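Work through the exercises below with the structure open beside you. Try each task before you read its solution.

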Amino acid sequence: MIPIRKKIWELPNINPTSEKDYLSRRTVLAGTSALIGASLLPSKKAHADLHPLKAQTNPNYASLDRELTAESEAISYNNFYEFGSHKSIAPAAQALATEPWKITIDGLVSSPLELDIDDILGRVSLEERLYRLRCVETWAMAVPWIGFPFKKLLDIAQPLQSAKYIVMETDIQKDVMSGLSQSWYPWPYKEGLSIQEADNDLAFLVVGLYGKKLPPQNGSPIRLAVPWKYGFKSVKSIKKFTFVDSIQPTFWTAVAGNEYGFWANVNPDVPHRRWSQSSEKMIGTGERFDTQIFNGYGDAVASLYQGQLNNPKYFF
Ligand SMILES: Nc1nc2c(c(=O)[nH]1)N[C@H]1C(S)=C(S)[C@@H](COP(=O)(O)O)O[C@H]1N2
Ligand SMILES: [Mo]
């Protein structure tokens, strides 16, 4: 990210820079003014308005190898470029309009749908899962998400046989997303998964965290969590799911395709072009862990990439 206001624990040992580091001086200046604008708002706002949301913990995802990240950290240290290319976007994100929230499901499906988020929530049951989150920038968190398996959305969407991939798009709200004025970025934020990945039990659509509804800065009202992949795959505030037959450009592959790939599976042995991925630093405690292949979720997902474990294309 922009190298200002970094705290010591944000600085990994091998000087990783940001997803946008190659951008021009003009870009950096614009990003800086967005930062100043956001930090004028009272930071307390980021913690206001959290509504309780209860769900049983899925016993398969009830424990982790590390302590959970403090809730106050998870909701105040965020990547959400629509609100600025720095980590303190939570105050600005409070302006995100999330009611009503219509979701479009289109492309290669038996019939296109527009559903209110509440219609979808009426057709699934929520559960809590403790997942690790590994950002490509080498910081990490451990978060108790509340949501439902992505495969439930596949049941609702009814993709055609010809559908092979899903494109997910974040909402566009020009009036409150100051980042959208940075027109060199390919808005809206987009990400993608193969249908097999979305059908894997680990792929999770999230509507809450720490026993509460998702706050805007974490991607309310609905975001993805795919913990075996780098954090940028876990797209926030999703408005649209489009089923397609081939891999489409994503936000980050369009911005810097030589540094960020479509597959983005975590692998400590495949470095980023500008830094090592061998270890990670926990937000809040600063504790450092060795990064694990598939972020430690290999038992669940390695079979999706059978015969490809030595192919770097799947790991950046
Ligand atoms: N729409 C949107 N989704 C996004 C991003 C973003 O900038 N915009 N950043 C991604 C990145 S790089 C990370 S690491 C995670 C961070 O999620 P968190 O803020 O809930 O920890 O969100 C991902 N989802
Ligand atoms: Mo990230």
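**Exercise 1. The largest cavity**

How many residues line the largest cavity, and which of them lie nearest its centre?

*Solution.* Keep in mind that this is a predicted model.

Step 1. Count the cavities. There are seven of 30 Å³ or more.

Step 2. Take the largest cavity. Its space comes to about 330 Å³.

Step 3. List its lining. The lining has 24 residues. Nearest the centre lie Asn79, Arg223, Gly231, Ser234 and Lys236.

Step 4. Sort the lining by class. It holds 14 nonpolar, six polar and four charged residues.

**Exercise 2. The ligand and its shell**

Find where ligand 1 sits, then describe the residues around it.

Step 1. Count its neighbours, taking a cut-off of 4 Å between heavy atoms. The shell has 18 residues. The closest are Tyr81, Glu82, Thr170, Ser234 and Lys236.

Step 2. Sort the shell by class. Eight residues are nonpolar, six are polar and four are charged.

**Exercise 3. Polar contacts and cover**

*Solution.* Step 1. Start at Lys236. An N or O atom of its side chain is 2.6 Å from an oxygen atom of ligand 1.

Step 1. Go to Thr170. Here a polar side-chain atom lies 2.8 Å from a nitrogen atom of the ligand.

Step 2. Go to Arg223. One of its polar side-chain atoms is 3.0 Å from an oxygen atom of ligand 1.

Step 3. Now check the cover. On its own, ligand 1 has 530 Å² of accessible area, and the protein covers 100% of it.

**Exercise 4. Backbone details in loops**

*Solution.* Step 1. Look at Pro100, in the loop between α3 (90–93) and β1 (102–107). The bond from Glu99 to Pro100 is cis, and omega is near -5°.

Step 1. Move to Pro188, in the loop between β5 (165–170) and β6 (190–194). Trp187 and Pro188 are joined by a cis bond, with omega about -5°.

Step 2. Finish at Tyr210. This residue is in the loop between β7 (204–209) and β8 (212–213). Tyr210 is not a glycine, yet its phi is positive, near 45°.

Methods: Residues numbered from 1 in each chain as written. Chains lettered and ligands numbered in written order. Predicted model: local features only at pLDDT ≥ 70, side-chain atom pairs only at ≥ 80, totals over all residues. Heavy atoms only, no water. Polar contact = N/O pair within 3.5 Å; in protein donor to acceptor, adjacent residues only side chain to side chain. Areas by Shrake-Rupley, 256 points an atom, 1.4 Å probe, with all protein chains shown as cover. Nonpolar A, V, L, I, M, F, W, Y, C, P; charged D, E, K, R; others polar. 1 Å grid on protein atoms, 1.4 Å probe; cavity = no way out; pocket = protein on both sides within 12 Å on 5 of 7 lines; lining within 4 Å. Points joined across faces, edges and corners; volume = space filled by probe spheres on them. Helix = DSSP H or I, 4+ residues; strand = E, 2+ residues; numbered from the N terminus.
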